[in-house]
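Visitor: Hi! I'm new to reading protein structures. Could you walk me through one?
Guide: Happy to. Let's bring it up and take it bit by bit.

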Amino acid sequence: TEFTEEDDADTQMLRIVAFAMHVHHMVAEDEALSGVQVRFGVATGSISVAFIPAKNSFVPNVCAFGSIPNIAARMLQTGCAGAIHMTDLSAYRLNSEQGEEEQ
């Protein structure tokens with residue numbers, strides 16, 4: 001999320017966790033989504049992205065490579081519904097951002 005000037009890199013984890021909590025509450029409160037289970041995973045690190053043109057579509061396929069997408073896939077497969085799963089580095093960054101917010 002560091003590609004726009006409006007984006008504040010100092011609060012990325014806070015915003016990601018707030019988004020996950022908001023989605024969780026919206027799903028839990030919506031009767032039409034009864035029985036839907038949502039899993040959240042947050043990992044921090046570098047990825048490589050490739051845009052692959054689609055033959056019969058105007059929208060390209062986007063593929064992400066690296067250890068972070070693999071970690072995210074494992075979090076999806078093994079995570080508990082309704083919980084926010086984080087890598088140690090993501091949790092450290094979240095704690096650091098929370099400390100900065102209190103000052």
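Guide: One term to begin with: strands here are DSSP runs of E with at least two residues, numbered from the N terminus. Keep in mind that this is a predicted model.

Visitor: Okay, so which strand does V49 lie in?
Guide: V49 lies in strand β2, which covers residues 48-52.

Visitor: And how exposed is V49?
Guide: V49 has 43% relative accessibility, so it counts as partly exposed. V49 also belongs to a nonpolar surface patch, together with I47, F51 and V62. Together, those four have about 390 Å² of accessible area.

Visitor: Switching to helices: which residues are buried in α1?
Guide: In α1 the buried ones are Q12, M13, V17, A20 and V27. Looking down the axis of α1, they fall within an arc of 125°, so they line one face of the helix.

Visitor: What about the face turned away from that buried side?
Guide: That face of α1 carries the exposed residues F19 and E29.

Visitor: Where is R15, and what is its relative accessible area?
Guide: R15 is in helix α1, residues 12-29. R15 has a relative accessible area of 36%, so it is partly exposed. R15 and L94 are 79 residues apart in sequence, but their C-alpha atoms are 9.6 Å apart in space.

Visitor: New topic: is S90 buried or exposed?
Guide: S90 is buried, because its relative accessible area is 0%. S90 is found in helix α3, residues 88-102.

Visitor: What does S90 touch?
Guide: Leaving aside neighbours within four places in sequence, S90 is in contact with M13, V42, A43 and T44.

Key: Residues numbered from 1 in each chain as written. Predicted model: local features only at pLDDT ≥ 70, side-chain atom pairs only at ≥ 80, totals over all residues. Heavy atoms only, no water. Helix = DSSP H or I, 4+ residues; strand = E, 2+ residues; numbered from the N terminus. Buried < 20%, exposed > 50% of the residue type's maximum accessible area, 1.4 Å probe, protein only. Patch = residues over 30% accessible without salt bridge, like charges linked within 9 Å, V, L, I, M, F, W, Y side chains within 5 Å. Areas by Shrake-Rupley, 256 points an atom, 1.4 Å probe, with all protein chains shown as cover. Salt bridge = Lys/Arg side-chain N within 4 Å of Asp/Glu carboxyl O. Contact = heavy atoms within 4.5 Å. Arc of directions from axis to C-beta.
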